[in-house]
Amino acid sequence: MIRLDPNLLRVGAMTLAAGLGAYAVRGWDGVARGLAVAADLLVMVGPAVVAGLALAAALRVLVPPGVLARWMGAESGARGLLLASLAGLIMPGGPLAAFPVVLVLAQAGADRGALITFVLSWALNGFQRIVIWELPVLGADFALLRFLVGLPLPFIAGWVARRLPIRWTLEDAPARGTRASDSPRGTRASDSPRGTRASDSPRGTRALDEPRGKQP
Amino acid sequence: MSLSLGLMVLLAAAALLTCFRRGTASGRRALVDTADGLKRILPLILLALPMAGFIAEIIPADWASDWLGPDSGATGIAIATLAGGVLPGGPFVAFPLALAFLKAGAGPAQMVALISGWSVLALHRTITWEMTVLGGRFVALRLLASFPLPFLAGLLAEALLPFFPGAALR
């Protein structure tokens, strides 16, 4: 049974609109050609989607993003940026999930360069999005080309961000989440009264999926 | 095409195996995660793929090839970057649209710039989420550090294009 989530309805409505458009412009032939293209794509990329989902799920079990945070401090150098790239790569979900995780990583000690790298890596090369959307829709060659080209970019951005004269700390975040707001400027998560370090629990990042209730 | 698929299947199998070697619970969690993901996205894919096909039928024939064609070079890459940056909506809009453009004659490097611009600049997502969760300073820092990158991605893609003949699509 297919659950009717809003995303599904939105996509369904857009597809319906596009179908009507195709009918209006090219008639039934256009609609049939569009459907044939879709069927071809599905057959071609179905196996890749399953394999990609399994790979992403296994990576999340093996390397939860929070675990990497303690190696992403300001002194972490290039290695910290590489780890931040990896964390962004395996970070699942949309902006609702990813931006709160930035707060978790910042609290666990990641510096601004690593945070910028993380956000860009998630936005550009997030594995889940590539597997679910890019691979099926645009094909393996295109997806691979764009992935290879995108791979070094988050690293560059983090490197640049470390040299820009704009400081950013948790204090500058309007929605600091429930835990981040507990610790005064500059203290680490380990000093915070709650003592729950995201980096210690494999599911720690999930817990921060809902601090949007705190937004102004 | 089949080479990258084979590589992917191999990687996935190896990763799952590693999970199981760490413990049955870890392995099972990865499998359940996979099944959950599949259940969630399969309906989306089934709905979105026809959209891509339909949009390709709608776009005027020479529009995409004129502005974003393979020969449009750096200008086309710049246009695509900006268009991607202001493109609203999630992946269910961006990817079908890129496919439709490709089928209508746009160049792959230009579409790499479009997807990268949509990912990196993402005006819509930046204003709605990044600003409210992380604040204006973070947005300023991130945009300053990354705004030329989608354009760079397009140029890099153009240079690498000979190695990915399938990227131009059908």
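Let's start where α7 of chain A packs against helix α9 of chain B, residues 149-160: the angle is about 125°, and the axes are 9 Å apart. Here axes are lines fitted to C-alpha atoms, for helices over the stretch in contact, and angles run from 0 to 180 degrees between N-to-C directions. That makes α7(A) oblique to α9(B); angles under 35 degrees count as roughly parallel, over 145 as roughly antiparallel, 65 to 115 as roughly perpendicular, and the rest as oblique. Helices, by the way, are DSSP runs of H or I with at least four residues, numbered from the N terminus.

Before going on, a word on the source: this is a predicted model, where local features need pLDDT of at least 70, side-chain atom pairs count only at pLDDT 80 or more, and totals for chains, interfaces and linings use all residues. Residues are numbered from 1 along each chain as its sequence is written, and chains are lettered from A, with ligands numbered from 1, in the order in which they are written.

Back to our pair. Which residues of α7(A) and α9(B) meet? From α7(A) come A:Leu145, A:Arg146, A:Leu148, A:Val149 and A:Gly150, and they meet B:Ala153, B:Leu156, B:Ala157 and B:Leu160 in α9(B). Contact means that C-beta atoms, placed from the backbone, lie within 7 Å. By class, the residues of this contact are seven nonpolar, one polar and one charged. Nonpolar covers Ala, Val, Leu, Ile, Met, Phe, Trp, Tyr, Cys and Pro; charged is Asp, Glu, Lys and Arg; the others, Gly among them, are polar.

Now the whole interface. The contact takes 77 residues from chain A and 72 residues from chain B. On the chain A side, α1(A) gives the most, with 34 residues. That side has 56 nonpolar, 12 polar and nine charged residues.

B:Thr126, B:Glu130, B:Met131 and B:Leu134 of α7(B) make the contact with B:Gly136, B:Phe138 and B:Val139 of α8(B).

Finally, how far can we trust chain A? Its pLDDT, the predictor's confidence in each residue from 0 to 100, averages 75, and 77% of the residues score at least 70. In chain A, confidence is highest in α8(A), at 95, and lowest in helix α10, residues 204-207, at a mean of 38. Over residues 177-216 of chain A the pLDDT is below 50.

Key. Contact = placed C-beta atoms within 7 Å. Helix = DSSP H or I, 4+ residues; strand = E, 2+ residues; numbered from the N terminus.
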